[in-house]
Amino acid sequence: MEMMAALETRGFTADLDAEPPTLGPARPGAPDFPFTVTNAGPELFAVAPGSTCEVEWHLEPDRTSAGRSGTVVIDRAGRPLTYLPVPVGDPGSGRSSG
């Protein structure tokens, strides 16, 4: 039986207040898109959205595989994701429904 190693999560932040919204590494100096991903070397990405207001959003990463390219839409089965900001004075962090 083949054992698979745990995947390292590559963290990113999404600034939903920027025009247009931006996506970047969560840690300064960490690798940024584009990435090369193979069946033998998969990647795991975690996106932490941020905004000062409630935002409906989705993510559209471009991909290329076997000479074909396209865009993958990441949402809630055709409905946008919803980001809810932290109320003023709340020490918690923002929440994103998925």
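Author: Let's start with a word you'll need throughout: a residue is buried at under 20% relative accessible area, exposed at over 50% and partly exposed in between, using a 1.4 Å probe and protein chains only. What you have here is a predicted model, where local features need pLDDT of at least 70, side-chain atom pairs count only at pLDDT 80 or more, and totals for chains, interfaces and linings use all residues. Residues are numbered from 1 along each chain as its sequence is written, and side-chain values use heavy atoms, with hydrogens and water left out.

Now the rings. Rings of Phe, Tyr and Trp (its six-membered ring) pair if their centres lie within 6.5 Å; planes under 30 degrees apart count as stacked, over 60 as edge-to-face and the rest as tilted. By that rule there are 6 aromatic pairs. Take Phe12 and Phe35: their pair is edge-to-face, with 6.1 Å centre to centre and 85° between the planes. Phe12 lies in strand β1 (residues 9-15) and Phe35 in the loop between β2 (22-25) and β3 (44-50), so this pair ties together parts 23 residues apart in sequence.

Next come Phe33 and Phe45, whose pair is tilted: 5.1 Å centre to centre and 40° between the planes. This pair also links distant parts of the chain, since Phe33 sits in the loop between β2 and β3 and Phe45 in strand β3, 12 residues apart. Phe33 is partly exposed at 38% relative accessibility, and Phe45 is partly exposed too, with 31%.

Phe33 is joined to Pro34 by a cis peptide bond, with omega about 5°, and Pro34 is in the loop between β2 and β3. Another cis peptide bond runs from Glu19 to Pro20, with omega near -5°; Pro20 belongs to the loop between β1 and β2.

What about the nonpolar core? That term means a set of buried Ala, Val, Leu, Ile, Met, Phe, Trp, Tyr and Cys residues joined through side-chain atoms within 4.5 Å. The largest one has 6 residues: Ala14, Leu16, Val55, Trp57, Leu81 and Tyr83. β4 (55-57) and β7 (81-84) are the elements giving two or more residues to this core. Setting aside neighbours within four places in sequence, Ala14 is in contact (heavy atoms within 4.5 Å) with Thr22, Leu23, Val47, Ala48, Pro49 and Gly50.

Ala66, in the loop between β5 (62-65) and β6 (68-71), has a positive phi near 50° despite not being a glycine, and it is exposed, with a relative accessible area of 80%. Ala77, in the loop between β6 and β7, has a positive phi of about 50° as well, and is exposed at 80%.

How values were computed:
Helices (H or I, at least four residues) and strands (E, at least two) are DSSP runs, numbered from the N terminus.
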